[in-house]
Amino acid sequence: MKGLLPLYRALYTLSNRQARRKAGTVGSRCGFCGTVSNSKPQPGFGLLFDIDGVLVRGKMPIPAAKKAFEKLVNSQGQFVVPVVFVTNAGNCLRQTKADQLSHILGVPITQDQVIMSHSPLRMLKKYQEKCVLVSGQGPVLDIAKNLGFEKVVSIDMLRESFPLLDMVDHNRRPKLPSSPVGNLPKVEAVILFGEPIRWETNLQLIIDILLTNGNLSSAHQSQTLPHLPLLACNMDLMWMAEAQSPRFGHGTFLVCLENIYKKITGKELKYEALMGKPSELTYHFAEYLIRGQAMERQWKLPITSLYAIGDNLMTDIYGANLYNRYLEERSTRKNPKAVAKMVATTGSTTAMPQEEEIDTAWESELAPPSATSCKSILVCTGVYNPNTEVPSDANRCIKETVFHGHRDFRFDPALVEPGHIVQHVEDAVDLIFEQEKFVPQ
């Protein structure tokens, strides 16, 4: 996870520059939340929507989605609140996903409103001049180049250059003796965009690359440490399509890769960075896009609340709650009254989050985030579906006995407790408007 720090710094530097260019004064507040005295209602909150299981299931739109978005746009087709779509999918370009959403929801969506699991990779400048191996499906070469990577090798390219390495499928083995073509540059890093189509081929060649330090002409060197930098997007163990039960996601592929590597070497597979929900990095990026929309619309109120709507406890809810914990701890440590109260209660300052536990280098260089909370809302149209009436007490219904999150994220029961549970996304929008006392015009 050590690769996250440069990304945070780059992300917030970009955000701070734009904020300085576009910052305006906040209008005077009137009697209800989210308005200014001399204009239409303005939002002080932003919405983060998951896609699969919330807006669609496979290629089929969820009926409540279109009704929800009719409430989020005005008569000119403009959003009345800042909206970002945060998906762990990584098999297409942002513009492609924006076009799909526009068609499904009947409202114009731009690529700047979409965060794919791989979107934050564009900030990892130190890898963009390296030769990277990419795994996934869809236009992986185009996706990598769109993110700024200049030298890209696909699994298929490796297989063509080294035909003797992919041997699980007997029908794909070379019919005649063959030698490595060997005309590819040495791989210097590996990027996993999402679940591939032929898992056995991808698992074999990724392991080969890691154990040969990027040189497939040599034999495995299982004692070589550390292995090449490995960056993974999308940790979803499962996701919801048209079937009655969840389907394998990229997280399942990662479980396979991690266990094969450990079985062969006796050592843990290490990630330079993990991207996509529930990583805090994704929520930092989402807030950056939310603030950008508010500035573009010249809304003067700071965005202080984020609402994350999702269907998966281990990604959507865990991630939103993890980011909310970060925001709360940061706010608590910055508030002298809260510090004094904690000291009075515990008799010690050791219970307070310490400077090094919360702040990272980027925070000393940049303006702090404007959001003070990130609230999680669970819908029952996707991975989480109790098949019963929605309970009135959210704390009573979530009893996780098996942790479906990624290996590198610690299980904490509090992080998988949603702030609210509703039946579908339209109910979520109604709930948010009610809580914010926001009446769009």
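The buried residues of helix α6 are covered by elements that include β6, α5, β8 and α7, where contact means heavy atoms within 4.5 Å. Helices (H or I, at least four residues) and strands (E, at least two) are DSSP runs, numbered from the N terminus. The model is predicted: local features need pLDDT of at least 70, side-chain atom pairs count only at pLDDT 80 or more, and totals for chains, interfaces and linings use all residues. Residues are numbered from 1 along each chain as its sequence is written, and side-chain values use heavy atoms, with hydrogens and water left out.

Helix α6 is mostly covered, since 10 of its 13 residues are buried; buried means under 20% relative accessible area, exposed over 50%, and partly exposed in between (1.4 Å probe, protein chains only). The buried residues of α6 are T201, N202, L203, L205, I206, I207, D208, I209, L210 and L211. From its first C-alpha to its last, α6 reaches 18 Å, close to the 18 Å expected at 1.5 Å a residue; the expected span of a helix is 1.5 Å times one less than its number of residues.

A nonpolar core is a set of buried Ala, Val, Leu, Ile, Met, Phe, Trp, Tyr and Cys residues joined through side-chain atoms within 4.5 Å. The largest nonpolar core has 40 residues, of which L133, V190, L192, I206 and I209 touch the most other members. Two or more residues of this core come from each of β6 (131-135), α5 (155-161), β8 (189-192), α6 (199-211), β9 (230-233), α7 (250-265) and α9 (313-334). Helix α6 gives the most to this core, with seven residues. Leaving aside its neighbours within four places in sequence, V190 is in contact with L133, I206, I209, L210, P229, L230 and L231. Apart from this core lies another, of 39 residues, among them V80, V83, A98 and V379.

Beyond the end of α6 comes N213, whose phi is positive, near 55°, although N213 is not a glycine. N213 lies in the loop between α6 and β9 and is partly exposed, with a relative accessible area of 31%. Not counting residues up to four places away in sequence, N213 touches K186, V187 and L228. The C-alpha atoms of N213 and A189, 24 residues apart along the chain, are separated by 9.2 Å. A positive phi in a residue other than glycine is also found at N234, where the value is near 75°. N234 belongs to the loop between β9 and β10 (238-239) and is buried, with a relative accessible area of 7%.

Helix α8 (residues 280-296) can be read in a similar way. Its 17 residues should span 24 Å at 1.5 Å a residue, and its end C-alpha atoms are 25 Å apart, which agrees. The loop between β12 (273-275) and α8 holds P278, and the peptide bond from K277 to P278 is cis, with omega near 10°. After α8 comes Q298, with a positive phi near 60°.

A helix pair can be examined next. Helix α2 (residues 63-70) and helix α14 (residues 425-436) pack at an angle of about 30°, with their axes 7 Å apart. Axes are lines fitted to C-alpha atoms, for helices over the stretch in contact, and angles run from 0 to 180 degrees between N-to-C directions. The angle makes α2 roughly parallel to α14, given that angles under 35 degrees count as roughly parallel, over 145 as roughly antiparallel, 65 to 115 as roughly perpendicular and the rest as oblique. In this pair A64, A65, K67 and A68 of α2 meet V425, E426 and V429 of α14. By class, the contact has five nonpolar, no polar and two charged residues; Ala, Val, Leu, Ile, Met, Phe, Trp, Tyr, Cys and Pro count as nonpolar, Asp, Glu, Lys and Arg as charged, and the others, Gly among them, as polar.

The loop between α2 and β4 (83-86) contains Q78, which is partly exposed at a relative accessible area of 37%. Q78 touches L72, V73 and R297, not counting residues up to four places away in sequence.

For the protein as a whole, the secondary structure comes to 14 helices and 15 strands, and 50% of the 441 residues count as buried.
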